[in-house]
Amino acid sequence: MRVINMRLIKNIGEWFDHRLQLAAPIREAAGHPVPRNASSWFYVFGSAALTVFLLQIVTGILLALIYVPSAGEAWSSLQALNHQVALGWFIRAMHGWGSNFMVAIVLIHMVQVFLFGAHKFPRELTWIIGIFLLLMTLGMAFTGQVLRFDQDAYWGLGIGASIASRVPILGPFVVKLMLGGPIIAGATLSRFFALHVFVIPGLLIAFVSLHLLMVLKLGINEWPMPGRIVKRATYEAEYHTLTKNDGEPFVPYAIWKDLFFAAFIILAVAASAYYFGPFGPTGQPDPTIIQTAPKPDYFFLWLYALLSLLPPSLETPFLLIVPPLVILGLILLPFLSGEGEKSWKRRPIAVVTVLLTAITLGTFTRMAQFTPWSPHMNAWSGDPVPERYIHGTTALERQGALVFQVKQCRNCHSLGDAGGQRGPALDSVAVRLTQDQLIRQVIQGGGNMPAYGNNLSPAETTALVAFLETMHPAGQRPARDAARELVLGNDQMNTPGTQP
Amino acid sequence: MSTTTDTNSPTDASLSRRGFFMKLGILFNGFAALVLAFPVVRFLLASITRGRGDGYLSWVPLGNVSNFPEGETRMATFRNPLVMPTDGKTVDTVCWVRRVAGDQFQVFAINCAHLGCPVRWFAQSGLFMCPCHGGAYYRDGSRASGPPERGLFEYPYKIESGVLTIEAGQLPTPGDPVAGLASEKPTCV
């Protein structure tokens, strides 16, 4: 009976293969030799990226069963997913966390490939297609954030449009093409839905297939040995000898590590989804509700920080010139360094470049998490003046503290570590500025501070400056203008601490 | 496809009858693609071509002039001139209306001139502040501090039988500040 069953299965298999003729190429792909030293845990990130991509396709299709790509209904369909549909929240969370994992793994894969010299001859095109895959992954992350059609998405589109509009001459057209009309509205969401669900995934599938095909045809990069130099003339013969003498079939010799890591990543995405839950949606995409401070998703936070910190005049040139240059540089990289050392141990500049980029992006991302450049919109009405700053003060000085709060100075200046960080903290401002300098700064502004001359009466200015003059640590005298003392004489100086 | 070195062979595409028909077939498909390209490109660029010659802009009412006290800045909501059935809550847009005196107004876009975030008005300090990157503007819309390179975008306005009307319908951006009128605005209060 068992023999008959086995024979039946074999016959059915042969019937299909006679028509499909896929068994031979599959066997060839599975059995292609890989260098023994390339079977390393460092080589699992490519297959992990593919795993997460497949996971995104599955969870994406599941979400599309409920999600409505209409500006009028997208937000409520996400609420339904979160609260009404069984485990809808979990599928949304898987898709959101899958997106974060995918960007992270693609970046790690890229760094590993670069440090192991895998972009060098003859794998230049594999690298270039990899760059396009990275850009598409980021494109998926951005368009996906738009599909979560909430306040952040709505204003995020405004930011995207404002950046796109700065392209010389074509800017206004690019904006209308991107928004699908003159404003952010129904057509905008539909267009981003088409990009996120059809256009970019289609391109991703095509490019991933090419990327994989080239890995199969050219062979996986061997473990880089310091001193083993890549030369166009000899590399392919050397690689062939290596896989012949010291190679093993990909299945099962190397694939088991990919399999383990793939399962680990899927479980990691699921665990993050379970513990942290889905992303948003935040408030409704209602343009008439402006009490919002829109922020991009994690992987674009560095850009958000950069746009706050660049000098205004440098911003547009930077936005328009640097990204194309970086992309061009990445594409040209394998042509500029297509030969030579592969090992990162002999490529100090490569290592420093990676570290510098990582530290820069990491720092900007960290800064964007607490946005020291943004005014705290409610600090003036919400943050109390620390008691120690009013204790024992005169009526005038207290009036100054009131002016300080009412005129929203607190939105940009902190007292006792509470308040905005846009301007300097004022806890010891009297040590830095004399009375005259304080008055000038308040009335005329400057150094990135607005001028308050038109919005403060002379009495208010006097009170405010009197309060600010008390802002010095106990035992440390406030700044004073020595010349003023000479001109006016000690008697007329009302600054505390100047009396003999 | 198999290639041959024998130029007189009947399979040579450059000479044979079938080779000629293949080229004709490719040409025919090229023609079909060209015919199709016109509607496809026209459709894809529809959002751009419609906008030419201020096609998106029209005059929309903000309410009675009496709703806006002199010397104050108030928020006003208007319905976008072009409405699509799927727009949902995005059919409405807000703006800041400053009644300078009498029939003299300034109507500012809600979008920061830096990157389009919604600016908020603080009457006490007479400043508009942006929550995103910290741009600030004076009450007349001129730049006070922060990353914006210019003042707030302004809508052209007129008063028709006691109703304040603005010319709107397009998201103002640094590269396309609505109708270009905003560059000629007063510089002091």
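# A tour of chains A and B

Begin with chain A, where residues 24 or more positions apart account for 77% of the contacts with a separation of 6 or more. Keep in mind that this is a predicted model.

Stop 1: Colour chain A by secondary structure. You will find 22 helices and 2 strands. Now zoom out. The radius of gyration of chain A is 31 Å, well over the 23 Å from the globule rule for 500 residues, so chain A is more spread out than a compact globule. Along its principal axes, the C-alpha trace spans about 115 × 60 × 50 Å. How much of chain A is buried? Buried residues make up 36% of its 500 residues.

**Stop 2: the domains.** Domain 1 covers 1-28, domain 2 covers 40-370 and domain 3 covers 379-492. Next, select domains 1 and 2 of chain A. Their centres, taken over C-alpha atoms, are 40 Å apart.

**Stop 3: confidence.** Switch to colouring by pLDDT. Chain A averages 92, and 98% of its residues score at least 70. Then select residues 495-500 of chain A. Here pLDDT stays under 50, and the model has 11 contacts beyond four places in sequence for this stretch. Where pLDDT is low, predicted coordinates should not be read in detail.

**Stop 4: where the chains meet.** Show both chains. Contacts link 56 residues of chain A with 49 residues of chain B. Which helices of chain A each supply at least two residues to the side that touches chain B? Select α7 (151-164), α8 (171-179), α9 (186-218), α13 (301-309) and α14 (312-336) of chain A. Stay on α8(A): this helix gives the most to that side, with 7 residues. Now colour the side of chain A that touches chain B by residue type. Its residues divide into 29 nonpolar, 20 polar and 7 charged.

**Stop 5: a sheet in chain B.** In chain B, look for an open sheet of 4 strands, in the order β2-β3-β4-β9, with antiparallel pairing. Which strands stand at the edges? They are β2 (73-79) and β9 (154-155) of chain B. Each has a single partner strand, so one side of each is left without a neighbour in the sheet.

**Stop 6: the β4-β9 pair.** Select residues 104-109 of chain B, which form strand β4. This strand pairs with β9(B) in the antiparallel sense over 2 bridges.

Definitions and conventions
Residues numbered from 1 in each chain as written. Chains lettered and ligands numbered in written order. Predicted model: local features only at pLDDT ≥ 70, side-chain atom pairs only at ≥ 80, totals over all residues. Pairing = 2+ DSSP bridges. Domains from an automatic or database assignment. pLDDT = per-residue confidence, 0-100. Contact = placed C-beta atoms within 7 Å. Nonpolar A, V, L, I, M, F, W, Y, C, P; charged D, E, K, R; others polar. Rg over C-alpha atoms; globule rule 2.2 N^0.38 Å. Buried ≥ 20, exposed ≤ 12 C-beta atoms within 10 Å, placed from the backbone.
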